[in-house]
Amino acid sequence: MLDIIVTNLPALQVVVPLVAAPVCAMLGRGDRSWAFATLVSFLTFAISVSLFVAAYGGEPISYEMGGWAPPIGIEYRIDVLNAFVLMIVSGIAALVMPYARRSVASEIPAERQAFFYTAFLLCLTGLLGVTITGDAFNVFVFLEISSLSTYALVASGAWRNKRALTAAYNYLIMGTVGATFFVIGIGMLYMITGTLNMADLAVRIAEHGDSRTLRMGFVFIFIGIGLKLAMFPLHLWLPNAYSFAPSAVTSFIAATATKVAVYVLLRFMFTVFGFDYAFQASTLENVLLPVAIVAMFAASLVAIFQDDLKRMLAYSSIAQIGYMLLGLAFLTHTGLVATIVHLFNHAVTKGALFMVAGCFVLSAGTSSISSLRGVGRDMPWTTAAFVAGGLSLIGLPLTVGFISKWYLVQASLELGWWPVALLIMGSSLLAVIYVWRVVEAAYLQPAPEGVIRREAPLSMLVPAWILVGLSIWFGIDASLTTTAASRAADTLIGSSQILWQE
Amino acid sequence: MPDIVLDLDFALGHYNYWMFVILMMTGLYVTVSRGNLIKKIVGLNLFQTSVFMLYISMGKIIGGTAPILTGDPDTVYSNPLPHVLILTAIVVGIATTALALALVIRISETLGTVEEDDILKMEHEMDFGVRKPGGGSR
């Protein structure tokens, strides 16, 4: 029995939350569905940890879905990189679920909560599926499962603020355009190679060499994923979606959805497209590098002028995605390590910060910064968590944010791109400004008269503090995350057919 | 033969691909340019449908029949895989349309309009009703 479970772990990773979702809908109102969904999220986390341990040794795990051998059947392929991302996604889900109970209870009517948790589990299924699969078309299907449930989750913020509906609608339009671009790209790859398995695609594309169809496919996939991951000029859906979604949803999707999209970009960029180093290097250097740098600055600048905490953090997310793309644009081993390590670091940091924002929403009823005056005295633990998370966002030493920036600066200096290194530090200064605005309001300004704000309940504080704790722990001793990221970068480089500059 | 400017056979032979391009661009344009939320969904549907056409075109082989075993070794079959893929994509498209329409219904119930301009105006008022002037929301 145990043998069967162990050999089928890769399938169970996706199937468990998928099957749990309709069951959750049938459990009826309130706490029962919550308890069930929480249990499922713990279970998926346990599965991803065991997959990570198995993949960490080096050899990728290949699982044949339904017993059909790849490249004809759908293959689930787990190497260090996607095991790492799987762990991020399911780990954040396992922390968000305990947090969600009180937060969701205050934001969504009791009779709709079962559907909320159902959508949440479907979203988790989609994100895990995108990460685990080794089949290009399967990526699209899971991407749409996660996106469609995310639209519904964002729209469920409408009970708090009706603008969530238009936010979800706009996200749906842009997300669908992105997914359709992606599927056109896949179609073009299929046209020239006749296969959909990623490893097989890589081999056949390398044999095929350069062609216009291939380049068009590359561009379609690049833009499609760019829309999904809120790459700078394509980020317009993100601020509204993040600010109006229920707090638990925001902390979940901010920490996972864009990270998974970055993973897909990495996978396609390096494992699948290995046809021409010069073309790829010039795309990265001339398109991705400027876009990443503009994102770092423009989004941080906009964040400074926001009145709403959640919206401010949303713009900061766009800037942080800029850092991830920057690491990718270097096209070196260190740059890739920076990107992969920042996937984890940003997930932990932003997850914690959005959880804190949710605590403020619960007790103050709003997340506008002006309503947070003097909140440091009323809610000391919540505000302290914000400060710790904010320091990590800035990139102060002893936080995970520092580790990411350290690798980014190192990667840019390796190439001798010292202006880029200066820009990385300059954009961190902008983060100081927007984090400071909140800290100033919370600690230095007097509380308005007659406002009672109680400290957030433990069920919400503990997950937030676990994430803050992780962001400090891995800031002090980053050996686990950086080793994992380094191995993941090695597998990416090893699997790609392009020649690497050392 | 670099002196050939327009290869008519090539252009006509790829008729369905031209239609794919035209449909795709029309759909994308409608999605982006229309202010009516329902019309945006119509555009999105056109856009998605064009992709179905792309996939089905590439599975087609001239003279090929449906991939059902006939027993005749000379039968040419169309590639069934793109068809299957596109069945999945159609399901995704239906789900997307259903969700989008559900959202539009909720929007029209709560805001009383499905015109983007009116919605933007309302949201602008909501912003400045709640926030201080100059707060900037977009």
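This is a dialogue on how to read some features of a predicted model.

Colleague: Where should I start with chain B, and how many helices and strands does it have?

Modeller: Start with the secondary structure. Chain B has five helices and zero strands. Along the sequence, the pattern of chain B reads α-α-α-α-α.

Colleague: What share of chain B counts as buried?

Modeller: Chain B has 138 residues, and 22% of them count as buried. Contacts can also be sorted by sequence separation. Among the contacts in chain B with a separation of 6 or more, 47% are between residues 24 or more positions apart.

Colleague: How many residues of chain A are in contact with chain B?

Modeller: An interface is often described by the accessible area lost when the parts come together. Here the residues are counted instead: 25 residues of chain A are in contact with 28 residues of chain B. On the chain A side, α6 (136–155) and α7 (163–193) each supply at least two residues. The largest share of that side comes from α7(A), with 14 residues. By class, the side of chain A that touches chain B has 17 nonpolar, four polar and four charged residues.

Colleague: Is A:F270 buried or exposed, and why?

Modeller: Burial is read from a count of neighbours, and 20 or more other C-beta atoms within 10 Å make a residue buried. A:F270 has 25 such atoms within 10 Å, so A:F270 is buried. This residue lies in helix α11 (residues 247–272) of chain A. Leaving aside residues up to four places away in sequence, A:F270 touches A:L492, A:S495 and A:S496.

Colleague: What about A:I253, buried or exposed?

Modeller: A:I253 is also found in helix α11 of chain A. A:I253 is buried because 26 other C-beta atoms lie within 10 Å. A:I253 and A:H333 are 80 residues apart in sequence, and 28 Å apart in space, C-alpha to C-alpha.

Colleague: Which residues touch the most other members of the largest nonpolar core?

Modeller: In this core of 225 residues, they are A:F84, A:L121, A:V154, A:A168, A:A241, A:I340 and A:V356. Helix α14 (residues 333–364) of chain A gives the most to this core, with 20 residues. For one member, A:A241, the contacts beyond four places in sequence are A:V154, A:A167, A:A168 and A:Y171.

Colleague: How do α14(A) and α17(A) cross, and at roughly what angle?

Modeller: Two helices are compared through their axes. Those of α14(A) and helix α17 (residues 400–414) of chain A come within 9 Å and cross at roughly 160°. An angle over 145 degrees counts as roughly antiparallel, and α14(A) and α17(A) are therefore roughly antiparallel to each other. Their crossing is left-handed. By class, the contact of α14(A) with α17(A) has nine nonpolar, eight polar and one charged residues.

Colleague: Which residues of α13(A) meet α18(A)?

Modeller: A:L309, A:M312, A:S316 and A:A319 in α13(A) meet A:S427, A:A431, A:Y434 and A:V438 in α18(A). The residues of this contact divide into six nonpolar, two polar and no charged. The axes of helix α13 (residues 309–330) and helix α18 (residues 418–444), both of chain A, come within 11 Å and cross at roughly 170°. The two helices, α13(A) and α18(A), are therefore roughly antiparallel to each other.

Notes:
Residues are numbered from 1 along each chain as its sequence is written. Chains are lettered from A and ligands numbered from 1 in the order in which they are written. This is a predicted model: local features need pLDDT of at least 70, side-chain atom pairs count only at pLDDT 80 or more; totals for chains, interfaces and linings use all residues. Helices (H or I, at least four residues) and strands (E, at least two) are DSSP runs, numbered from the N terminus. A residue is buried if 20 or more other C-beta atoms lie within 10 Å of its own, exposed if 12 or fewer, and partly exposed in between; C-beta atoms are placed from the backbone. Two residues are in contact if their C-beta atoms, placed from the backbone, lie within 7 Å. Ala, Val, Leu, Ile, Met, Phe, Trp, Tyr, Cys and Pro count as nonpolar, Asp, Glu, Lys and Arg as charged, and the others, Gly among them, as polar. A nonpolar core is a set of buried Ala, Val, Leu, Ile, Met, Phe, Trp, Tyr and Cys residues joined through C-beta atoms within 7 Å. Axes are lines fitted to C-alpha atoms, for helices over the stretch in contact, and angles run from 0 to 180 degrees between N-to-C directions. Angles under 35 degrees count as roughly parallel, over 145 as roughly antiparallel, 65 to 115 as roughly perpendicular and the rest as oblique. A crossing is left-handed if the near helix is turned anticlockwise from the far one by less than a right angle, and right-handed if clockwise.
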